[in-house]
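This briefing is meant for a reader who is meeting the structure for the first time. Please keep the sequence and the model in view while reading.

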Amino acid sequence: MAVIAPARPDAEAEALLRRYTLLGRSLDFFRRKPLGTIGLIIVLVFAVAGLFAEFIAPFDPEENDFASMMFAPNLTHWLGTDQFGRDIFSRLVFGARTAMIVGFGAAVGGGIIGLVLGVTSAYFGGWFDLVLQRIFDILMAFPLIILALAVVSVFGTGVFNVVIAITIPLVPRCGRVVRASALAVREVPYVDAARALGFGHARIVLCHMVPNVVAPFLILLSAFVGQAILAEASLSYLGLGVQEPVAAWGLMLQGSAEDYATTAPWIAIFPGLAIVFTVLGASLFGDALRDAIDPKLRDR
Amino acid sequence: MHRYIITRLLLALPTLAGAAALVFILMRLIPGDVCVIRLGSGGAHLNQDALDLCHKQLGLDQPIVVQFLTYLKNLALFDFGISMWSGNPVWQEILLRLPVSLEVAILATVIAILLAIPLGTLSALKENSALDHVVRVLAIAGIATPSFWLGIMSLILVLNVSAAITGSPWLPPIDYVPLWKDPLYNLSIVLLPAITVGYRYSAVTMRLTRSAMLEVMREDYIRTARAKGLLEQIVVNRHALKNALLPVVTLIGIEFAFLIGGLVVTEQVFNLNGIGRLLVQAVQNQDNVLAQALVMLVVLVFVIVNLVVDLLYAWLDPRIRYS
C-alpha cells in the first residue's frame with residue numbers, strides 16, 4: 001500500500017521557498033558567510049567612493065600645490081600629500097574609480113567572452129574545440145606585458161585600453177574552466193531535446209547551456225575583479241597603464257614613491273593599502289560565493 | 001612513457017608556432033623603428049642613406065612574409081639571431097640576464113614550498129584552530145598584496161632599520177655576482193626579491209594545500225589506514241599528503257613557469273637586470289629579434305614545465321600511467 005508523505009507545515013514550506021528567492025538567498029549568505037559579507041562591504045565602499053569621487057574628495061586630485069609638498073598626514077590632508085603637493089586621500093578616492101572601472105570592466109569583459117567561447121568550444125567539439133584550445137594555450141603562455149605594451153603602443157594609453165590589455169589574458173582562463181563544466185552539460189538530455197526540436201546552435205548555446213555553467217562563471221568573475229585590479233596597478237607602476245595626472249593606485253606607487261621612502265613613506269603606504277583592501281575584499285567575497293554555490297561545500 | 005613525451009612535445013609545436021606568429025605580428029603592430037631609435041639617439045641628424053643601410057643590414061627592407069618565413073626557419077634551426085639593438089648574439093644577452101631571474105624564481109619557489117606545504121597541512125589537520133585562522137589570514141593577505149608593493153615596503157623597512165642601527169641607510173646591491181663567487185653578496189641581492197615574491201606564491205600554494213588536505217583527510221582510505229592502526233604521522237605523510245600534493249604540484253609548476261618571465265615589476269622595484277626587464281627594454285627599443293626570442297623562451301619554459309608536472313603526476317599517483 002502506498003504511503004503518502006504528510007504535507008509540510010505551511011510555515012516550513014514558506015521558509016523553504018523564501019530561501020530560494022534572491023533576497024532570501026542573499027540574507028542567508030550574509031548570515032552564513034560573515035567574512036564574505038565583510039569582503040562585499042569593502043568592495044562596495046570602494047565602488048561607492050569611486051562613483052561619487054567628486055563629492056567625497058576634499059581636493060582636486062590632479063592639481064599641484066607646491067606650497068604643501070610632502071606634508072605628513074594632518075587634519076587638512078588626512079593621508080598627507082605627495083611630492084607635487086597633491087592630496088593623497090583625494091587621489092585614492094579618484095583612484096578607486098580607475099580601479100573599479102578596470103577591475104569590473106576587464107573581469108566582466110574577459111569573463112563574458114570566455115564564457116561564450118568556452119561553452120561554444122564544448123558544444124561544437126572536434127576541430128573547432130581543438131583549434132580554440134590551442135589559441136587559449138598560446139594566450140595563457142604569452143607574457144601579459146607584451147600584450148599590454150602592444151595594446152598601449154597601438155591604441156595609446158588610457159583607462160579603456162588598459163581594460164582591453166587586461167581582458168585578453170582573462171578570456172582563456174575563463175574559457176578553460178567554463179569549457180570543463182560545459183562538457184558535462186553537453187551530455188545532458190535537455191540539450192539533445194533542444195537539438196531534436198530543431199533549435200539553432202546560438203539558441204542552444206546561449207539559452208540552454210550558458211545558464212547552466214553560471215556557477216563557476218560567477219566564482220571566476222569575483223576572482224577576476226581582484227586580479228584585474230592587481231594587474232592594473234602593476235601596469236600603471238611600470239608606466240604602461242593609466243598615465244599622469246589621472247589618479248590610479250599603481251601610478252601613485254611609481255618611481256617617486258620609492259625615492260621618498262624615508263622622507264615621506266605615506267606616499268607609498270596608502271595606495272598600497274588601498275590595493276590590498278580592495279583585492280582582499282574581492283577575494284573574501286569570491287571565496288564565500290564559491291562555498292555558497294558549490295553544493296559540496298554549501299552546508300559545511 | 002617515451003612515446004607519451006614525444007607526443008606531448010609534438011602537440012606543443014602548434015602552441016609554439018602560434019606564439020611565434022603572435023609575437024611577430026604584435027612587434028610589427030607597435031609603431032616605431034629600431035633604426036630610427038639607434039641612429040637618432042642623442043639627437044643626431046637622421047641620414048636617409050644610413051637608415052636604408054641599417055634596414056638592409058637588419059633585413060627590415062624585406063617583405064613581411066619573407067621576414068616571417070626567415071624567422072620561422074631560424075627558429076626551427078634554434079638560431080635566435082643577433083640583437084638589433086646591441087649587435088650581440090641574442091643567446092649572449094639572454095644568458096647574461098637569465099641567472100638572476102632564475103635564481104630569484106628558484107629561491108622564491110623554495111621559500112613558497114617550505115612555508116606553504118607544512119603550514120597548509122597543519123592548518124588542515126587542525127581545522128578551525130587558532131593556527132588554522134592565522135594561516136588562513138596569512139594566505140589571503142598574501143594573495144591580496146601586490147608583490148611590488150611588498151618589495152617597496154621591505155625596502156623602506158631595510159632603509160630605516162639600517163639607518164637606525166648603523167647611521168647610514170643600506171640598500172641591496174644591484175650588480176649581480178653569481179652565488180658560487182660570493183654567496184653572501186649574492187644573497188644580499190636576491191633574498192629580498194625572493195621573499196616578497198615567495199610570500200605571494202606561498203599564499204596561493206598554502207590555500208590549495210589546505211583545501212586539498214581537507215578533502216583527502218575525509219576520504220575512505222584515510223579511515224582505513226587509521227583502522228589498520230597506522231601511526232597518524234604515517235597516515236598523514238604517506239597516505240594523505242602524497243595524494244593532496246597532486247594539485248599543489250601543478251600550481252607550483254605553473255607559478256614557477258610564470259616567474260621566469262613574469263618578474264618584470266619586482267625586477268623594476270629592486271633594480272635587478274633580469275629577463276622581465278630585458279623583455280620590456282627589447283619591446284621599447286623595437287628590438288624585434290630579442291623580443292621574439294624572449295617570448296619564445298617564456299612560452300617554451302611554460303610548455304616544458306607543464307610536461308614535467310604531468311610526468312610528476314605519475315610518480316606521485318601510481319594510478320596514473322602514461323603510455
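The points below are grouped by topic.

The model is predicted: local features need pLDDT of at least 70, side-chain atom pairs count only at pLDDT 80 or more, and totals for chains, interfaces and linings use all residues. Residues are numbered from 1 along each chain as its sequence is written, while chains are lettered from A and ligands numbered from 1 in the order in which they are written.

**Helix α7 of chain A**

- Helix α7 of chain A covers residues 144-155, twelve residues in number; helices (H or I, at least four residues) are DSSP runs, numbered from the N terminus.
- From first C-alpha to last, α7(A) reaches 16 Å, close to the expected 16 Å, where the expected span is 1.5 Å times one less than the number of residues.
- Ten of the twelve residues of α7(A) are buried, so the helix is largely enclosed by the rest of the structure. A residue is buried if 20 or more other C-beta atoms lie within 10 Å of its own, exposed if 12 or fewer, and partly exposed in between, with C-beta atoms placed from the backbone.
- Among the buried residues of α7(A) are A:Leu144, A:Ile146, A:Ala148 and A:Ser153.
- The cover over the buried residues of α7(A) includes α8 (159-186) of chain A, and also α1 (2-29) and α13 (288-316) of chain B.
- After α7(A) comes A:Gly156, with a positive phi near 90°.

**The nonpolar core**

- The largest nonpolar core has 171 residues; such a core is a set of buried Ala, Val, Leu, Ile, Met, Phe, Trp, Tyr and Cys residues joined through C-beta atoms within 7 Å.
- The residues with the most contacts inside this core are A:Val119, A:Ile146, A:Ala148, B:Leu279 and B:Leu294, and α5(A) gives the most to the core, with 16 residues.
- Leaving aside neighbours within four places in sequence, the contacts of A:Val119 include A:Val178, A:Val205 and A:Val213; two residues are in contact if their C-beta atoms, placed from the backbone, lie within 7 Å.
- A:Leu117 lies in helix α5 of chain A and counts as buried because it has 20 C-beta neighbours inside 10 Å.

**Domains of chain B**

- Chain B is assigned domain 1 (2-76) and domain 2 (94-316), with bounds that come from an automatic or database domain assignment.
- The C-alpha centres of domain 1 and domain 2 of chain B lie 33 Å apart.
- Between them, 16 residues of domain 1 of chain B are in contact with 13 residues of domain 2 of chain B.
- On the side of domain 1 of chain B that touches domain 2, α1(B) provides the largest share, nine residues.
- The residues of that side divide into twelve nonpolar, two polar and two charged. Here Ala, Val, Leu, Ile, Met, Phe, Trp, Tyr, Cys and Pro count as nonpolar, Asp, Glu, Lys and Arg as charged, and the others, Gly among them, as polar.

**Backbone features**

- Most residues other than glycine have a negative phi, and most peptide bonds are trans.
- A cis peptide bond joins A:Glu244 and A:Pro245, with omega about 5°.
- A:Met70 has a positive phi near 50° and counts as partly exposed, with 15 C-beta neighbours inside 10 Å.
- B:Asn128 has a positive phi near 65° and counts as exposed, with 9 C-beta neighbours inside 10 Å.

Note on methods. Helices (H or I, at least four residues) and strands (E, at least two) are DSSP runs, numbered from the N terminus.
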